Amino acid sequence: MAASLSIKRIQLSHCHVGPSRSLIRTNNEFKFRPKRNLRVLYCSQNPNGEKLSRTDVSIPSKTIESIKRHTLSVFVGDESGMINRIAGVFARRGYNIESLAVGLNKDRALFTIVVLGTEKVLGQVTDQLNKLVNVIKVDDLSRVPQVERELMLIKLNVEPDKRPEVMGLVDVFRAKVVDLSDHTLTIEVTGDPGKIVAVQRNLSKFGIKEIARTGKIALKRERMGADAPFWRFSASSYPDLEISKIPILKSVKKTPTNGNLEQSSSGGDVYPVEPYERFNQVLDAHWGALTDGDSSGLCSHTLSILVNDFPGVLNMVTGVFSRRGYNIQSLAVGPAEQEGTSRITTVVPGTDESITKLSAQLYKLIDVLEVKDMTKLPFAERELMLIKVAVNANARRDILDIADIFRAKTVDVSDHTVTLQLSGDLYKMAALQRLLEPYGICEVARTGRVALVRESGVDSKYLRGYSLPL
């Protein structure tokens, strides 16, 4: 009987690689640079450990790329169905969107999308997004220094004896208490994604009842000096910044030509928009407010939709809105309290009857677990905004004073800009943006609205009309 042979399993770290190859090991992952074949030496042994033969095997190998988390900024001309079309690009390629934040207004929108993928495939997705009608610009912010922030509302089941410990953690993470009842506590926390995960991990031992997250928003950190992107914009607002002959960026004016208005467009079929380089991506601060005073019964409804976290679910949900002609005013997508689920918070205009029919259509989707209309209930709502303002040495103090009044935080500064972070409701965002407009707003990134029902039953919206007793 022939001697029994066994092939010894060879670890890659001990493989003999030909001189034409280079083997890279990072974080227990291996990457091969050239596209030539890999030569590996296998040694065959019998059970006694005696070496009997050796085999030189040539293994063809493709270039392996690492998978990273990418933050995409998509600036578009807003129209009905735009969210569904952008989500469909990712769904058709099997990408699961980790988070999505949309700052909308009546004619433009800024999407901030977080997905996992390789550089090559994300480049292909970016090319596909640029082919969509009314998409103005797509940036991968993962390649540049950036300011990234996220907002989370978290509702805890907290008994009175555990409340001091929770309040200690609230102080450590610089969070805020937005609602308090006998057995629950609702907390607002803002920060980078790492901080949000740390807060959730430390508070999970008390029992998390509900979570609403906005998804990440990001702005590029401004460079110093005259070669920075917004130096010309700042020089236009503050001529004393101009240290050399820099052509100042002027606003785009439409001039009549042959009886028609001459305007350049990105090819949009609903809203004509100017090229991205000719204007700032500043969103209208006053968009998205409908009140109950409309005689037709039309008002903004805040919906909280709990779904399974699978690729294509967002595309299916937004498809229900677009097929019925609903214009989404606000959208925020982020992980929910249970692993494998996500919470979509959206604001849509409609009557009570039409929203009831819409909810019934959403329940027909397999991956939709819960649909809640919080419009008639007392709820805590929050939005997050990053705003970059043009400054000089004299105006910087005035802008920081305005930021202190609104309890905004300075998250980035250069010699000609200041970037502020603000959280609050829609009216607070609009008030700050209105005050900063005379100084010159360079960029704005806003999340959609997130909301949780107040267990205390107190509706702060109706308390604004009453004067406090002296």
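This report looks at one helix pair and the aromatic pairs in the structure above.

The model is predicted, so local features need pLDDT of at least 70 and side-chain atom pairs count only at pLDDT 80 or more, while totals for chains, interfaces and linings use all residues. Residues are numbered from 1 along each chain as its sequence is written, and side-chain values use heavy atoms, leaving out hydrogens and water.

Let's start with the helices. Two packed helices are described by the angle between their axes and the distance between the axes. Here, helix α1 (residues 82-91) and helix α2 (residues 119-130) have axes that come within 10 Å and cross at roughly 150 degrees. That makes α1 roughly antiparallel to α2 (angles over 145 degrees count as roughly antiparallel). Which residues of α1 and α2 meet? On the α1 side they are I86, V89 and F90, and on the α2 side V125, Q128 and L129, where contact means heavy atoms within 4.5 Å. Five of the residues in this contact are nonpolar, one is polar and none is charged.

Now for the rings: searching the whole structure turns up two aromatic pairs. Rings of Phe, Tyr and Trp (its six-membered ring) pair if their centres lie within 6.5 Å, and planes over 60 degrees apart count as edge-to-face.

| Pair | Centre distance | Plane angle | Type |
|---|---|---|---|
| F90 and Y95 | 6.5 Å | 90 degrees | edge-to-face |
| F321 and Y326 | 6.4 Å | 85 degrees | edge-to-face |

Are these residues buried or exposed? F90 is buried at 0% relative accessibility, and Y95 is buried at 12% relative accessible area; buried means under 20%. F321 and Y326 are buried too.

Technical notes
Axes are lines fitted to C-alpha atoms, for helices over the stretch in contact, and angles run from 0 to 180 degrees between N-to-C directions. Helices (H or I, at least four residues) and strands (E, at least two) are DSSP runs, numbered from the N terminus. Angles under 35 degrees count as roughly parallel, over 145 as roughly antiparallel, 65 to 115 as roughly perpendicular and the rest as oblique. Ala, Val, Leu, Ile, Met, Phe, Trp, Tyr, Cys and Pro count as nonpolar, Asp, Glu, Lys and Arg as charged, and the others, Gly among them, as polar. Rings of Phe, Tyr and Trp (its six-membered ring) pair if their centres lie within 6.5 Å; planes under 30 degrees apart count as stacked, over 60 as edge-to-face and the rest as tilted. Buried means under 20% relative accessible area, exposed over 50%, partly exposed in between (1.4 Å probe, protein chains only).
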